[in-house]
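Good morning, and thank you for coming. I shall present one structure today, and I ask you to keep it in view while I speak.

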Amino acid sequence: MGLFERLMHIDRRIIFLCIALAVLIPFIFPLRLPTYVTRRVKDVYDRIETLTPDDPPVLISIDYDPAAMPELQPMTLAVLRHCFSKDLKVITMTLHQAGPGLALDATSEAAEEYGKVNGIDYVFLGFKPAIAMVIDQMGQDIHRAFPEDYFGTPLSEIPMIADIHTYDDISLIVTFAASAITEAWVAYANGPYQEPVAAGCTAVSATDYYPFLQTGQLFGLIGGLKGAAEYEYLIGVPGRAIIGMDAQSIAHLIIIVFVIIGNVAFFVQRRGAAGGGRRG
Amino acid sequence: MSTDLWVWLAALLTFCIYSFLYRDNPVYKAAEHLFVGVSAAYYLVIYYHNSVLPNLARPLWAAVTEGQHGNFILIIPGILGIFFFLRFFPRGGWLSRWSIAFYVGSGAGLSIPRTMLTRIIQQMQGTMVSFIPTQAWRTLLAEPTIWNGLWLMSVPLAAVGVLCTLSYFFFSRPHRGVLGVTSRIGIVFLMIGFGASFGYTVMARISLLIGRVYFLLSDWLGIIE
């Protein structure tokens with residue numbers, strides 16, 4: 001068996017091991033590889049940067065489950081930190097049934113860092129099922145969609161949100177989702193109500209949302225761990241995303257090497273087979 | 001190293017799941033079943049506390065005790081919701097179709113016009129406008145950089161890509177002549193799209209591994225902060 005044939009039949013567990021090492025080693029021996037900020041992430045940052053504490057609150061919908069947490073939690077925290085650092089009022093909620101715990105964790109963690117108080121500086125609305133209907137109903141009356149916050153307090157008794165009723169009373173929406181919930185925000189909040197929507201998404205779904213950027217249906221997009229690292233860089237608070245970028249870059253290099261080796265081996269083998277066929 | 005039992009359990013379950021990479025085994029199966037069971041129970045509790053109680057039970061209780069008679073309207077969706085569960089009983093199972101019909105009908109009525117607007121009309125509008133890239137021109141004139149120049153070029157390129165890709169999916173004529181050329185260009189755009197999606201997918205999967213490795217090294221072992 002020649003070298004290329006052996007490469008074509010390499011045990012996939014060796015590849016898994018290489019990837020595991022490529023991710024593990026940069027954590028122990030950080031390389032501090034540089035990152036750069038893309039326009040789509042900067043658009044989100046710039047729009048939030050223009051807001052003042054007197055503006056209506058920012059609505060942040062934390063619509064993901066633990067499976068998407070490694071990618072989306074860092075960017076959620078980064079955007080929350082940005083809002084709280086500017087003393088903006090924040091409303092958080094979730095439309096994913098596995099999201100309440102993660103959303104509460106992220107909201108509380110960022111709020112505590114900046115000394116923000118529940119009910120005064122921010123409100124966590126909790127979870128509601130039936131995504132499209134909730135988003136649509138919020139356009140008519142948020143208090144009907146969420147009669148009370150996550151802790152059971154009626155919204156009418158919470159000073160920060162008592163007078164917030166429709167999207168007209170919201171500055172902008174940022175949704176963090178690993179599923180089609182982003183599309184629902186575009187379709188039901190941006191489409192009929194013209195509410196500015198930005199999205200943070202997993203890298204897998206980033207390409208699906210680029211068409212929405214071109215048409216202005218989304219005003220910005222934070223894609224994957226790289227997008228989260230860019231946002232952390234913009235707010236000047238390094239977090240898990242920036243720490244993870246070394247591992248991400250090295251793992252990508254390993255994968256590129258494997259793809260090249262696989263292709264070279266494939267074409268060399270095919271050429272050999274074609275040559276053998278002619279000789280035969 | 002962590003002294004929290006739950007962190008140890010999470011670390012153990014992480015290894016159980018990753019053991020599948022070596023080969024399928026009972027430890028992986030046990031962790032998988034545990035995940036499914038815990039998720040189902042968690043979702044049930046979440047739905048009850050976040051939807052049934054605040055949107056149905058409490059308003060109905062207020063209708064009875066506080067005279068908020070308008071809330072009695074919620075009896076109708078409440079009954080339709082109960083009908084869903086009649087699927088478990090052979091005699092009354094047919095009633096669940098009423099609930100499904102209501103759910104499908106209202107869902108379709110709500111989503112069709114919005115999806116048309118979002119996915120088709122606004123996207124078509126964006127493609128047409130992109131033939132005249134005024135915003136890109138303005139940005140380039142205000143800030144003449146290579147990136148802004150490339151952006152200017154990319155705007156009509158997107159429109160060309162849409163038309164060529166659509167021509168590839170036009171099957172009423174053989175792909176020869178002009179249609180053959182445009183459909184081949186369409187294939188190139190499709191391949192670039194698939195390549196970008198694959199690249200992003202790789203990035204996402206590696207990110208998930210990074211998340212777990214970070215958890216193991218920081219929360220569990222305490223090697224990194």
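What percentage of the contacts in chain A with a separation of 6 or more is accounted for by residues 24 or more positions apart? The share is 72%, where two residues are in contact if their C-beta atoms, placed from the backbone, lie within 7 Å.

Some conventions come next. Residues are numbered from 1 along each chain as its sequence is written, and chains are lettered from A and ligands numbered from 1 in the order in which they are written. This is a predicted model, in which local features need pLDDT of at least 70 and side-chain atom pairs count only at pLDDT 80 or more, while totals for chains, interfaces and linings use all residues.

The model scores ipTM 0.86 and pTM 0.87. In chain B the average pLDDT, the predictor's confidence in each residue from 0 to 100, is 90, and 98% of the residues score at least 70. Confidence in chain B is lowest in helix 5 (residues 134-142), with a mean of 80, and highest in helix 1 (residues 5-18), at 95.

Let us turn to chain A. It contains 11 helices and six strands; helices (H or I, at least four residues) and strands (E, at least two) are DSSP runs, numbered from the N terminus. Along the principal axes, its C-alpha atoms fill a box of roughly 85 × 40 × 30 Å. Of its 280 residues, 48% count as buried. A residue is buried if 20 or more other C-beta atoms lie within 10 Å of its own, exposed if 12 or fewer, and partly exposed in between, with C-beta atoms placed from the backbone.

Strand 3 of chain A is mostly covered, with six of its six residues buried. Strand 2 (residues 90-94) of chain A pairs with strand 3 in the parallel sense over four bridges; pairing requires that DSSP finds at least two bridges between two strands. Thr94(A) has Phe127(A), in strand 3, as its bridge partner.

In helix 6 (residues 131-140) of chain A, the buried residues include Ile131(A), Val134(A) and Asp136(A). Their cover includes helix 7 (142-145) and helix 8 (181-193) of chain A, together with helix 4 (96-129) of chain B.

How do the two chains meet? In total, 44 residues of chain A are in contact with 40 residues of chain B. On the chain A side, helix 11 gives the largest share, seven residues. By class, that side has 25 nonpolar residues (Ala, Val, Leu, Ile, Met, Phe, Trp, Tyr, Cys and Pro), 12 polar (the others, Gly among them) and seven charged (Asp, Glu, Lys and Arg).

Finally, UniProt, in an unreviewed entry, lists residues 250-268 of chain A as "transmembrane region"; such annotations may be inferred rather than shown by experiment, feature names are shortened, and positions follow the numbering used here. That span is 100% helix and 0% strand, with its end C-alpha atoms 27 Å apart. For chain B, the same annotation in an unreviewed UniProt entry covers several spans, including 70-89 and 101-121. Residues 70-89 of chain B are 55% helix and 0% strand, whereas residues 101-121 of chain B are 100% helix and 0% strand.
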